Amino acid sequence: MDEKDDISHESTPLVKGSPRGKFWHWCKTHKLIVIPVVVMILLLPLLGLLALNKQHARADYTSPIIYPSPQGYGAGNWTDAYTKAHAMVSEMTLEEMNNITLGVVDGSTGCVGVSGSVPRLGFPGFCLHDAGNGVRNTDGVNAYASGLHVGATWNTSLAYERAVFMGAEFKRKGVNVALGPVVGPIGRIAEGGRNWEAFAADPYLDGILGAQSVRGLQQSVIASVKHFVAYEQETNRNPIAGEDNTTQSTSANLDDQTMHELYLWPFQDLMYAGAGCVMCSYNRINNTYACENSKTMNGILKGELNFQGFVVSDWAGQHSGLSSANAGLDMAMPTSGYWDKNQLANAVNSGDFNKTRLVDMATRIIATWHQFGQNETGFPALGVGMPPDLLAPHNYTDAKDPAARSSLLQQAIEGHVLVKNSNNSLPLNRPKVLSIFGYDAISQSMYNPDGTGLFKQDWEVLSLNSQQGMDIGSNAPVENPPQTAQGVLYVGGGSGSNTPAYISAPYDAIQARAYDDGTAIFSDFTSNEPAIVASSDACLVFINEYASEVWDRPGLADSKSDNLVSHVASTCNNTVVVIHNAGIRLVDAWIENPNVTAVIFGHLPGQDAGRAVAQILYGDVSPSGRLPYTVAKQASDYGKLQSACQAKDSKDPTSPQCNFDEGVNVDYRNFLAQKIRPRYEFGYGLTYTTFDYSNLNIKINATASANNTVLAPVYTNGTTDQNSKTDGVSNGGLQSLFDSVGSIQATIANTGKVAAAEVSQLYIQIPASYLNAKNPRTQVLRGFQKVTIQPGDSTTVTFPLRFKDVAIWDVVRQAWVIPVGEFKVFVGKSVLDTPLEGTFST
Ligand code: NOJ
């Protein structure tokens, strides 16, 4: 049952206190009824566990109701902010509180959302704006490397630095809340349209890089971590009005263990890092919309993870009034048909809605404003650098910091992954003749607001035809979406896109090299079967794989680009392929052709795409990116995790169901579980040198002993303030989950001839069977360290382990527990190449 339909909860005021005395007396006098009922209740979790074993056969999943919504109380470093917020909110009328919980229509800025304000008390409201890869749809900003590209860098300090510079741009533009970073989708399905916005198809890597991004962004603005939670496909992401029925959003159906160990995992790291805002997602979770799901918002986010900031809906992701408020939604964007006529204030007055909840909503919003110093003079005026229309006269706010330039280039460089390099064909060595092909080698033919209304600033949708553009505008499924985009793909499409001050295309950068080296360049960027100059030392082919918000990709490779590569390779015996890919891209159509000598996954490097790839092609730097996902040999190897769930496959197509019955085994875990050898495994990538691994040293503390347990704070009906009574709970939940339980070390030597960075990786196989034999517990990433090593040198890497890294989520005890048994340890260069192996036991 949808919580929305639960009228009793919707209309009953959530008041504290109950006639406990009478109840207790009744229990004593009805022991024969009470004792069996209590025994049943105690056994229920066990039955639940048994049911989980069978749940993959279950048709319907439901989300439990968790009321009331935990109140923010100023945990950890939020104490001051809450003191100030309480003082301010106590001065507000109910209408003012209601007003700041929703977006208002404001045509004076280009902010994608503007919240209500209380000018009388000095709260100007918030400008909320996209997104995680840079400020979108405006002028005077940089395009940073996209999430997936940063994932491919495996570089934590670079992730932090990127977010620091990006956050400062948001601030200079007068944006209060940056709508990013993205750690959901995780990348459950290979064709997911938004997988490129997040860092990796792995919760650990997503969590570490996402947390660094929160820390960096929040030096300047509030980070809105999105999309909470289990938002894994674009297909049917929003309800679609039909003739008879409205087709609801897809329901992500998942069990509690999968939720904790996979989809929630990175969010918890980002909450621990102190994120101030969370965006609830479009999908349903176990049949309840994410923005009215009391289990995920009240129970998990505000309860278990003790989140002190505010939850904002994804744009038009709110589908109910009091239900969404009672379930934990604090702000509805970009407007709200449910709250906009003072409905919340009126419902308090009529006794239908608990005032405590409305006060909590307002307090969370105002506390977050104080927490990040936005109440101080000096914070730019709301949306000051965000003109609503770039074609109309406006003051140009240059938000770019010249100090960001080297970081932008470094991010762009480090996310390139070299996967094939036969005969050391790369790096190029002062080539005499180069041929360059492919639609992706050059800049877009138009990079300008087109002034036609709907998409006048949406440069990112250039490759769509007008019908497709209209489909997006009307929230309808996009027919025949493009699989490639004209011009160098430096970012994907939709709200994660951005509009930099310049774009460096590969051809531009290689032309500059030709000048230095005296190289003759031939090129053809339009034909599918270009002529090839016989004296070419190398033929560079640039192709791309486009993806965008709103639709999932129609495939994992496109034949037009594949034919271009094969055509060039049929003549040129040194064909180097660069793919700018917004997600997994298969290469088996030509990878075994011996004339294809080198292949680089260039991902989405941001504005320095050309400059960065030139540095790698010419060997100024050794490639140091590693794949943050798995590239299969054929699409069918992903099995049911290749494509989105379709409504037509559900019993009731108006209520699309997507059963996540693979559990935690997505991406590389799926390949390990199914024993399928991929073409290029998770963590894989070549460089221009070689590395040797030795000296595995496993140091585990006594704290990691078997059955050591971290019980999560559990929120059930009754009290609203368990947080403050729970010791050791702060941002992110119980802090002991993040305590050290030891570390693992290894020595790495650079045995080649050039300096290069190695991404050393730690995988652990936890000794507990998963839910059933179909979903065995495979090895999982639990550490990585990127180190630059000079030729002939060696260094020691250390992988710190936190409690959560060696624990499993016990659904019965509702606790993270270190299981009994032997843990297997694997250290090396990728999930399938781990020269060092060992064990420890608990
Ligand atoms: C919808 C997208 O899902 C979200 O990521 C974005 O922040 C909002 N639109 C606002 O553009």
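Modeller: Helix α7 passes α15 in a left-handed crossing, a term used where the near helix is turned anticlockwise from the far one by less than a right angle. The axes of α7 (residues 156-172) and α15 (residues 405-414) come within 10 Å and cross at roughly 140 degrees, axes being lines fitted to C-alpha atoms, for helices over the stretch in contact, with angles from 0 to 180 degrees between N-to-C directions. That makes α7 oblique to α15, because angles under 35 degrees count as roughly parallel, over 145 as roughly antiparallel, 65 to 115 as roughly perpendicular and the rest as oblique. L158, E161, R162 and F165 of α7 make the contact with S407, Q410, Q411 and E414 of α15, where contact means heavy atoms within 4.5 Å. These residues divide into two nonpolar, three polar and three charged.

The model is predicted, with local features needing pLDDT of at least 70 and side-chain atom pairs counting only at pLDDT 80 or more, while totals for chains, interfaces and linings use all residues. Residues are numbered from 1 along each chain as its sequence is written, and side-chain values use heavy atoms, leaving out hydrogens and water.

As for the sheet, six strands form an open one in the order β1-β2-β3-β4-β8-β11, with mixed pairing; two strands pair if DSSP finds at least two bridges between them. β1 (113-114) and β11 (310-313) stand at the edges, each with a single partner strand, so one side of each is left without a neighbour in the sheet. Strand β3 (residues 177-178) runs parallel to β4 (residues 222-228), joined by two bridges, and V177 stands opposite I222 in β4.

Key: Helices (H or I, at least four residues) and strands (E, at least two) are DSSP runs, numbered from the N terminus. Ala, Val, Leu, Ile, Met, Phe, Trp, Tyr, Cys and Pro count as nonpolar, Asp, Glu, Lys and Arg as charged, and the others, Gly among them, as polar.
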